Amino acid sequence: MPQVNNWQLGRDMGYVYDAKYPARQFAFVFNINRCIACQTCTMACKSTWTFSKGQEHMWWANVESKPYGGYPQSWDAKILRMLEEANPGEQRWSEPASADNGQPYGQYDGQTIFEAAEQTLTPDSARVLGYLPPDEEWNSPNIYEDNPVGGRGVRDRLHETGEQLPIHNTWFFYLARICNHCSYPACLAACPRKAIYKRPEDGIVLIDQEQCRGYRKCVEACPYKKAMYRGNTRTTEKCIACYPRVEGTDPESDGQPMETRCMASCIGQIRMQGLVQLNDDGSWAEDRQNPLYYLVHVAKVALPLYPQLGTQPNGYYIPPRWVPRPYLRQMFGPGVDEAIERYVNPDRELLAVLQLFRRSNKIIFRYEFEEGPQVYEGTLRGRPVTLYNDTVIAFGSDGNELFRTTVEEPLHVRPEQHANSI
Amino acid sequence: MPYDEPEPDDPQVLVGVTVPGDAESAREMAAAFADEFARMGFGRRQILALFRSPRYAGAHDALARLGDVEVARVVDESLGVWGQVRLAVEDAPTAPGSAADAGPVDSGRFLKVLK
Ligand code: SF4
Ligand code: SF4
Ligand code: SF4
């Protein structure tokens, strides 16, 4: 198997094809601390791309109540278990993190889905360790999810008080997911017809519907289970990253790259999407003023989802700060503790960059940060906090300003009953 | 959530163990929600309303476990810091004749009105 550089794992790994990288890579950051599971993103995608006959089960964007829910059910527990069975007790990280060595999260010594396939499956017939979820695992996207239902037989009405929601007697959080437009896509690796391709201009992974014959090898291989088979066309479909918007060819976009439907509709303002520049080895080129580069490589608050699977996913998450660390380390790798520490105690630049989320639907290519005077000093839960009248300015692909956000002077808060009186 | 009580032979019933939480993780969850919404400019009444809403399961669950007094204390802590400032968002002027952008989610200005 050719060797490729997986910077998230801090080492080279085997992949089915030689490395080839796009000019820029579609990537995104989701801040889990803010997601309220309103499912607006889910419905924005559904109503745009998957509302037709045969697509009923297709939720290219979905939000799961972890650790209970998953779509298809238990997708992550299943692939993690298969990897553990392939390489018992050895799926571990080693080496301390060192950005200088190209190992921002340390080094992963376990096997990826590609390496485990080489060791345990008959080569060529199966190139990626995976499984095909049975129909029942696709049938109920809301099973174990915090989605309210109505009374039995009552349509279009929720329970008045929402008591039909499941009660969790422990911690939980909401994990929003789309296709990760991986740098080493498992779906692409597995397709015997080479019907799946990664676009050279933006790294978006697409399935050529003319070429696809519905073998479902990609459905089996994608560890995130984001390739979905459509029975009435006998082809597989997946998230297309709303590419007309990203290209700037959508009529709404004024020719400027625009964030996708699921990003733009996010009520909790948890999502930011961008296009990042790459080095020759597929790692991110230094681009200090790109907000995604800042969040992933400078502040290091955003981490890849299950990096150990080996596809080098391009979706990054700010982990939920209240969840037990072993669970989070399994999901986001060893960078979790540092990421939460920094997120809970943000410095002034991080606070400013967090203000860029969802202020514009245009893709932000660069930001500038202007320092202002101190406006507050105090403590929060025993830690010192200082706030400044800083300004963060966002720029689009043409270099023009999109918007600016400023922290204003200390506020005199009116009693709420007089909020709108003059 | 299924409409009926789960049946033991239903293949879709979750088989596993619950991972125990504790008061500390509930308090941290409450603090996370309080901080996030205070940073977004919500006032005390609005944040407490989120905790009271059974449809906002995370916050509501924290309220059930910690109680009104503790949750109010956590919210006041957050507002004591993040409530001191507010954010103003200013769009760059749109070029004349350009197609209407779906527009920024202008919570900054919206919040000024709320306050
Ligand atoms: S998430 Fe799955 S479908 Fe998407 S690019 Fe990666 S392997 Fe392919
Ligand atoms: S990027 Fe577009 S196609 Fe993909 S999940 Fe989001 S809305 Fe759907
Ligand atoms: S729209 Fe945003 S807040 Fe709502 S469920 Fe989706 S990701 Fe979460």
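Which residues are around ligand 2? Here are some notes to read alongside the model.

1. Ground rules. This is a predicted model, where local features need pLDDT of at least 70, side-chain atom pairs count only at pLDDT 80 or more, and totals for chains, interfaces and linings use all residues. Residues are numbered from 1 along each chain as its sequence is written, chains are lettered from A and ligands numbered from 1 in the order in which they are written, and side-chain values use heavy atoms, leaving out hydrogens and water.

2. Ligand 2. Back to that opening question: the residues around ligand 2 are A:Cys45, A:Trp49, A:Trp60, A:Ala61, A:Ile178, A:Cys239, A:Ile240, A:Ala241, A:Cys242, A:Thr260, A:Arg261 and A:Cys262 (a residue is near a molecule if one of its heavy atoms lies within 4 Å of it). Helices α1 (40-49) and α8 (261-264) of chain A each give at least two residues to this shell (helices are DSSP runs of H or I with at least four residues, strands are runs of E with at least two, and both are numbered from the N terminus). By class, the shell splits into 10 nonpolar, 1 polar and 1 charged (Ala, Val, Leu, Ile, Met, Phe, Trp, Tyr, Cys and Pro count as nonpolar, Asp, Glu, Lys and Arg as charged, and the others, Gly among them, as polar).

3. Ligand 3. There are 14 residues around ligand 3, and A:Cys35, A:Cys38, A:Gln39, A:Cys41 and A:Cys266 come nearest. Sorted by class, the shell has 10 nonpolar, 3 polar and 1 charged residues.

4. Look for an open sheet of 4 strands in the order β15(A)-β18(A)-β19(A)-β1(B), with antiparallel pairing (two strands pair if DSSP finds at least two bridges between them). Its edge strands are β15 (366-370) of chain A and β1 (87-91) of chain B, each pairing on one side only. β15(A) and β18(A) (residues 391-395) share 5 bridges, and A:Tyr367 has A:Ala394 as its bridge partner in β18(A).

5. A:Gln111. You'll find A:Gln111 in the loop between β6 (107-108) and α3 (113-120) of chain A. Is this residue buried or exposed? A:Gln111 counts as buried because its relative accessibility is 13% (buried means under 20% relative accessible area, exposed over 50%, and partly exposed in between, using a 1.4 Å probe and protein chains only). A:Gln111 and A:Ile240, which is one of the residues around ligand 2, are 129 residues apart in sequence and 29 Å apart in space, C-alpha to C-alpha.
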